[in-house]
Amino acid sequence: MLRKLLIGTALASGLAFAAHAEDVKEVQMLHWWTSGGEAAALNVLKGDLAKEGYAWKDVPVAGGGGDAAMTALKAMVAAGNYPTASQMLGYTVLDYAAAGVMGDLTETAKKEGWDKSVPAALQKFAVYDGKWVAAPVNVHSVNWLWINKAVMDKIGGTEPKTFDDFVALLDKAKAAGVTPLALGGQNWQEATMFDSVVLSTGGPEFYKKAMNDLDDASLKSDTMKKSFDNLAKLVTYVDPNFSGRDWNLATAMVIKGDALVQVMGDWAKGEFHAANKSPGTDFLCYRFPGTDGSVIYNSDMFGMFNVPDDRKAAQVALATATLSKSFQSAFNVVKGSVPARTDVPDTDFDACGKKGIADLKKANEGGTLFGSLAQGYGAPPAVANAYKDVISKFVHGQIKTSDEAVTELVKAIDDAK
Amino acid sequence: MSAVTTPTRQASGGMNAKIVNRIVIYGLLALFALFYLMPLFVMLVTSFKTMDEIQNGNMLALPKAPTFEPWLKAWGETCVGLTCAGIKGYFWNSIKMVVPAVLISTMLGALNGYVLTKWRFRGATLVFGLMLFACFIPFQSVLLPMATILGSLGRFGVTLQNTVGTSFGLGNPTVNLVFVHVVYGIGFTTLFFRNYYEAFPTELVKAAQVDGASFFQIFRRIMLPNSMPIFVVTVIYQFTNIWNDFLFASAYAGTGDAMPMTVALNNVVNTSTGVVEYNVNMAAAMIAALPTLLVYVLAGRYFVRGLMAGAVKG
Amino acid sequence: MSTVATSQIKLTPEHARPRTSVRSRLQDALPKIVLAPSFAITIVFVYGFILWTIYLSFTNSKTFPSYAITGGRAYQRLWGWTFDTDPPSSWYTSITNMGIFGFLYILICLALGLFLAILLDQKIRGEGVLRPIYLYPMALSFIVTGVAWKWFLDPGLGLEQTLHQWGWTSFHFDWIKNKDFVIYTVVIAGVWQASGFIMAMFLAGLRGIDGEIMKAAQIDGATTFQLYRRIVIPLLRPIFLSAFIVLAHLAIKSYDLVVALTSGGPGGSAWLPSNFMYEYTFKRNEMAVGSASAVIMLMTIVAIIVPYLYSELREKSR
């Protein structure tokens with residue numbers, strides 16, 4: 001039995017190698033989009049490539065928001081088996097590019113005009129050393145409020161324009177006996193919310209300096225201290241069981257009307273849609289108070305590896321299809337994010353999506369499109385995770401005061417740099 | 001027989017004490033059974049609920065309108081990556097990796113245990129100690145060097161393929177996984193068998209040697225027939241660990257064709273920014289565990305008392 | 001039973017003949033030859049890789065291994081974090097949690113496993129049903145059972161809410177939300193998962209014990225308790241060693257347990273060293289620090305295990 005098995009697998013592998021030598025019309029794609037909605041969105045791309053005669057070799061590895069996939073990718077690269085492309089985030093692309101394992105899509109980029117249509121902020125991660133190494137798929141934005149409209153109407157609230165408005169609104173909800181703020185007490189959720197708080201408290205200039213440039217003076221400043229104060233204030237509006245809650249359960253609280261609002265990235269919209277709720281009538285999407293006009297983004301990219309020559313044609317086809325306007329629209333309508341190029345028509349998007357597209361365009365032109373530090377687009381992973389540590393320890397009481405939080409933040413970021 | 005429920009003293013104490021004794025024993029066993037079953041209860045009730053009910057109700061409440069839908073979906077419809085055909089297709093991938101890995105590592109462990117206890121040589125204890133400590137190496141820190149080695153073996157396989165005509169399985173993801181699991185499994189299998197054989201009467205082996213029995217004859221005729229309980233334990237342990245391994249499976253399985261069940265299950269369950277279907281997840285987890293549970297039940301039947309008592313009497 | 005006796009008689013006659021010296025030397029070397037492959041792969045794939053890890057811990061490896069030795073900065077940082085107690089550094093949390101978790105987990109699993117095995121060994125009807133019930137937690141992937149436990153322990157979703165609905169409104173159990181107690185919920189779930197297997201190991205051990213010894217002791221008038229304490233448990237010593245190694249290894253590698261159950265706990269308060277190692281090696285791209293933490297873990301294991309092994313194995317080889 002065992003012998004047969006071994007011989008069988010040996011033969012199978014032999015066939016696989018033989019097939020590789022001839023067949024190059026396939027793309028191998030490592031990704032972690034495995035839930036129904038995500039898979040449906042990516043299937044559009046698979047379909048587009050199939051029309052051009054390219055087979056899709058799926059390599060899905062879910063877990064930890066891409067952590068498991070990145071671990072698998074590292075092993076694959078160590079073994080010398082590069083996939084055609086892999087879903088990647090921000091600094092990871094640059095790390096792999098620096099290691100010299102990424103391909104070069106500059107020709108395609110020129111032909112397709114990516115330089116002009118893709119926001120400069122994204123190009124920082126997709127272009128390394130003057131070469132295009134990745135194709136951005138979408139732009140997520142994290143400075144959103146997701147509000148249950150029925151609760152909002154009940155308490156007679158209106159869109160909060162400033163942080164103080166927001167606090168007043170939360171007070172109203174509290175008085176009405178609703179949990180004001182739905183928060184999942186996991187470090188990335190807390191830090192994602194804090195991204196918005198910093199932008200709201202210090203304004204665009206300050207956010208960029210502190211959260212993207214990691215400027216020491218800004219990190220130490222009173223504005224940062226004020227940001228922690230504001231975070232502490234927000235945390236007083238969460239329910240006692242928030243700790244450890246998954247983000248989608250927090251969203252469910254808003255959907256059910258148990259809570260008024262959640263501060264979360266635009267992927268939360270998928271949960272509302274899955275519950276058959278529509279924007280404007282069942283739920284509202286506002287920018288985090290005091291951050292209108294700016295967008296804190298993160299983006300999924302398809303990193304393109306330096307594959308053998310006979311596989312490059314398939315890679316180019318994949319990259320071209322990824323950034324085609326039709327795919328960008330179709331994919332992002334399903335995914336809840338907005339297209340990674342600013343010239344895609346917004347006709348198919350819902351109200352929140354339309355606002356997202358308009359905001360992205362405005363922020364791109366006005367220079368207020370910033371990487372999210374919590375989502376790994378503000379600084380390399382070592383710094384981003386050190387940041388999440390500090391925020392989470394502050395929220396859960398290991399760090400007791402805003403002064404201490406500022407000191408710890410500076411220390412942690414210095415240490416990780 | 002080792003089970004002692006009626007020591008001589010109690011025999012004079014009468015039937016009452018014995019009955020109370022039994023009631024206490026069964027009561028305790030039942031109580032612990034409840035503790036172990038509780039999370040299974042949560043999973044079962046969840047798997048029969050609709051998503052609406054999960055979002056709105058108590059996690060421990062019985063389903064109001066039980067539905068089989070999540071089970072059917074987990075079996076044949078849910079998306080594992082872009083392929084939405086359920087998890088049913090991944091059993092074979094796991095089985096063809098797990099069965100050889102378990103058999104090889106268990107047999108090696110039995111042989112090693114036999115050598116280390118019955119054919120002692122100078123330094124045997126040190127060898128055992130070194131193999132035992134191997135159990136503690138964190139898999140995260142072997143992931144990359146092992147990948148590099150497997151990658152080179154794979155390239156060597158391609159060369160062989162081109163020159164000799166067969167790669168001998170080198171570079172095949174399933175063979176790679178079998179190899180990795182054998183390498184990191186023999187520490188445990190050797191430990192189990194060595195410690196079991198430690199208590200095995202050496203006189204039997206000596207006697208057989210005097211009779212002129214060879215190394216393998218003694219192993220086959222004397223050791224193996226008396227090793228049923230420890231075989232069961234080892235197989236349970238190895239089967240479970242290899243079946244449930246995610247780290248190696250996700251890193252070395254290559255393209256999706258060889259994807260083992262655990263990776264598939266993980267893809268169903270884990271999502272970062274997508275909608276989570278708890279009922280399908282729970283059903284999928286239970287379906288994915290079925291082969292392991294089957295092994296527990298089947299192997300458990302061989303949890304019989306060893307034949308040693310009889311053997312000593314000869 | 002005479003299985004063994006008859007099989008001895010059937011032994012092949014050729015060995016009765018005088019052997020050539022090459023042949024007999026081969027016979028003598030056979031045990032070592034059988035053991036050699038296992039030992040060789042252990043040396044390469046365990047000790048070789050440990051050396052590799054040690055080497056990396058002295059480099060400046062970030063996302064990928066880099067092979068230029070740069071000194072012990074990774075150890076300096078870990079050493080500094082070891083004394084960062086207010087607020088606790090992730091490393092400090094990890095190692096103190098390891099102490100609490102490792103101790104309780106191993107102790108409770110051993111005690112519970114032995115206890116259940118002894119109970120099950122009392123000629124129990126339905127052993128075939130009970131055994132899989134105790135064992136099944138091992139079979140289920142923790143990424144899902146973790147969710148089930150998380151809900152069960154969540155005050156707003158599980159046990160507490162249910163008991164409140166049943167009228168016991170003063171019941172309060174929020175360990176999983178509490179940064180000082182969350183590690184104990186990890187212990188509960190860990191014990192639930194592994195103790196059944198430990199039970200199986202002890203059961204196998206009990207089934208391997210020579211019944212004659214027990215009978216003799218009974219005739220001498222030993223009580224059940226005395227019998228187990230004086231005779232059975234000492235005979236199970238090698239099994240204790242196996243069980244301890246398995247548990248220690250599971251405790252050290254409990255990574256998904258923490259992630260699935262607590263997502264790291266409030267403010268990272270449920271971290272174990274394996275979480276730290278994985279975070280730094282793969283998530284934070286500080287491979288040198290990750291490697292250094294692995295080395296420290298291995299050294300700690302050596303410090304704990306080697307004396308135990310030494311006493312355990314030396315005694316046997318007398």
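Let me begin with chain B, where B:Cys79 and B:Cys84 form a disulfide with their sulfur atoms 1.9 Å apart. Please bear in mind that this is a predicted model. The torsion about that S-S bond is about 95°, so the disulfide is right-handed. As for the two partners, B:Cys79 counts as buried at 14% relative accessibility, whereas B:Cys84 is partly exposed, at 36%.

How many disulfides are there over all chains? The search of the whole structure finds two. In chain A, A:Cys285 and A:Cys352 form a disulfide, and their sulfur atoms lie 2.0 Å apart. Here the torsion is about -105°, so this disulfide is left-handed. A:Cys285 belongs to strand β11 and A:Cys352 to helix α17 of chain A, so the pair ties together parts that are 67 residues apart in sequence. Both A:Cys285 and A:Cys352 are buried.

B:Cys135 is buried, with a relative accessible area of 3%. C:Cys109, likewise, is in no disulfide, and it is buried with a relative accessible area of 0%.

The next topic is the interface of chain C and chain A. On the chain C side, 33 residues are in contact with 30 residues of chain A. The two chains bury about 2700 Å² between them, with 46% of that area on carbon and sulfur atoms. Within chain C, the residues that lose the most area to chain A are C:Phe64, C:Pro87 and C:Arg284, which together account for 22% of what that side buries.

Across this interface there are six salt bridges by the rule applied. A:Asp415 forms a salt bridge with C:Arg77, the closest N and O atoms being 3.5 Å apart. Helices α3, α6 and α13 of chain C each supply at least two residues of the side that touches chain A. Of the elements on that side, α13(C) gives the most, with five residues. By type, the residues of that side divide into 11 nonpolar, 10 polar and 12 charged.

Finally, a word on A:Lys417, which lies in the segment after α19 of chain A. A:Lys417 is exposed, with a relative accessible area of 52%. Beyond its sequence neighbours up to four places away, A:Lys417 touches A:Leu214 and A:Val383. A:Lys417 and A:Pro381 are 36 residues apart in sequence, with a C-alpha to C-alpha distance of 9.9 Å.

Methods. Residues numbered from 1 in each chain as written. Chains lettered and ligands numbered in written order. Predicted model: local features only at pLDDT ≥ 70, side-chain atom pairs only at ≥ 80, totals over all residues. Heavy atoms only, no water. Contact = heavy atoms within 4.5 Å. Buried area = accessible area lost by both parts, 1.4 Å probe. Salt bridge = Lys/Arg side-chain N within 4 Å of Asp/Glu carboxyl O. Helix = DSSP H or I, 4+ residues; strand = E, 2+ residues; numbered from the N terminus. Nonpolar A, V, L, I, M, F, W, Y, C, P; charged D, E, K, R; others polar. Buried < 20%, exposed > 50% of the residue type's maximum accessible area, 1.4 Å probe, protein only. Disulfide = S-S within 2.5 Å.
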